[in-house]
Each structure stands twice: as structure tokens, then as C-alpha cells.
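Please look through the sequence and the model below. Then follow the helices and their packing step by step.

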Amino acid sequence: MDKFASLIVGSLVGGVARWLFSEALSKAGDGRFPYGTLLVNLSGCLLIGVLHGLSETRFPLSAQGRMLLVVGFCGAFTTFSTLMLEASALVDRGNVAGACSYVLVSVVTGFLLFRAGAAIPKGIAALAVTTKASRPSAR
């Protein structure tokens, strides 16, 4: 599969996953706050962080893998434009504090989850090295 096909497949799967995930979470809420988009964006930040961390440790992504997973899937799964639309709708309904908290929580928590996701593979790699080094060698 070439890079363009990888982008198409990743985008298709990511877009459908976002819609399904967001719809399921939105139905669980009261409809006054866009929890579905918030949780999709935050989980996407964690996922893209993990993919980034993996690619910097033992599992570098090929150009095709990056196009499929990072650009395609994560790009279609998370959606900053929807965040802005929903924040604007909160302002239009008179909920300025809710809009500000939504944007702040999305950006700050998203960044922290990205950093945590990127650290997970590095921690696993370090643990594997430590565990391997502490095993007694067979003679």
C-alpha cells in the first residue's frame, strides 16, 4: 500500500471511529457540554503520544505507517475544528465560562496526555533493559 492509500485508509477508519466514539459518549451525557468531542480529542492525544514514543524507541514507523496511523487515523480521529465550533456554541448559549474551560481542559490536558503517551514506550523500553540486565547469566 503506498502512502496515499495509507492516508485514505487511516482517515476513513479514524473518521468513523471518531463519530462512533463521540456519539456513544454524547448519548451518555446531558447534551449541555460536548463530552464526546472532549474525550475523543484527549484519547487521540494519548494515542498519538504513544505512537510518537514508540517511533522514537524500538518501533520506528515507516513513512507508510506514519501516514496510516498518525496523519490518517489520528488526524481524522481528533478534530480541533469541532472543538472550536462547540466552544463557540457554548458562548452563543451564554456559557462563556464553559467554553473557556472546555478549550483550556482540551489543550492543557491534551498536551499532558501526549507527553504521557510519548513517555510510556520509553518507560517500557527502559524497564525491559533494566529487567534484562538484572537477570543472572546462565553459565
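This is a predicted model: local features need pLDDT of at least 70, side-chain atom pairs count only at pLDDT 80 or more; totals for chains, interfaces and linings use all residues.

Residues are numbered from 1 along each chain as its sequence is written, and side-chain values use heavy atoms, with hydrogens and water left out.

Start with helix H4, residues 80–92. Helices here are DSSP runs (H or I, at least four residues), numbered from the N terminus. The expected span of a helix is 1.5 Å times one less than its number of residues. For the 13 residues of H4 that gives 18 Å, and the end C-alpha atoms are 18 Å apart, which agrees.

Which residues of H4 are buried? They are Leu83, Ala87 and Leu90. These residues cover an arc of only 55° around the axis, so they sit on the same side of H4. The arc is taken from the directions from the helix axis to the C-beta atoms. Buried means under 20% relative accessible area, exposed over 50%, and partly exposed in between (1.4 Å probe, protein chains only). On the other side of H4, Ser81, Leu85 and Asp92 are exposed. Asp92 has a relative accessible area of 65%. After H4 comes Gly94, with a positive phi near 90°.

What do the buried residues of H4 pack against? Their partners are helix H2 (35–56) and helix H5 (96–134). Contact means heavy atoms within 4.5 Å. Ala87 touches Ala99, Tyr102 and Val103, not counting residues up to four places away in sequence. Ser106 lies in helix H5. Ser106 is buried, at 8% relative accessible area. With residues up to four places away in sequence not counted, Ser106 touches Leu38, Leu42 and Leu83.

Now turn to the cores. A nonpolar core is a set of buried Ala, Val, Leu, Ile, Met, Phe, Trp, Tyr and Cys residues joined through side-chain atoms within 4.5 Å. The largest has seven residues in all: Leu38, Leu42, Leu83, Ala87, Leu90, Ala99 and Tyr102. H2, H4 and H5 each supply at least two residues of this core. H4 gives the most, with three residues. Apart from this core lies another, of six residues, among them Leu51, Phe73, Cys74 and Phe77.

Helix H3 covers residues 63–77. Its buried residues are Gly65, Met67, Val70, Gly72, Phe73, Cys74, Ala76 and Phe77. They pack against helix H1 (3–28) and H2. In the loop between H1 and H2 is Gly31. Gly31 is exposed, with a relative accessible area of 60%. Gly31 and Asn41 are ten residues apart in sequence and 17 Å apart in space, C-alpha to C-alpha.

Last come the cysteines. A disulfide is a covalent bond between the sulfur atoms of two cysteines. Here the term is applied to a pair of cysteine sulfur atoms within 2.5 Å. How many disulfides does the structure hold? It holds zero. Cys45 counts as partly exposed, at 21% relative accessibility. Cys74 counts as buried, at 2%.
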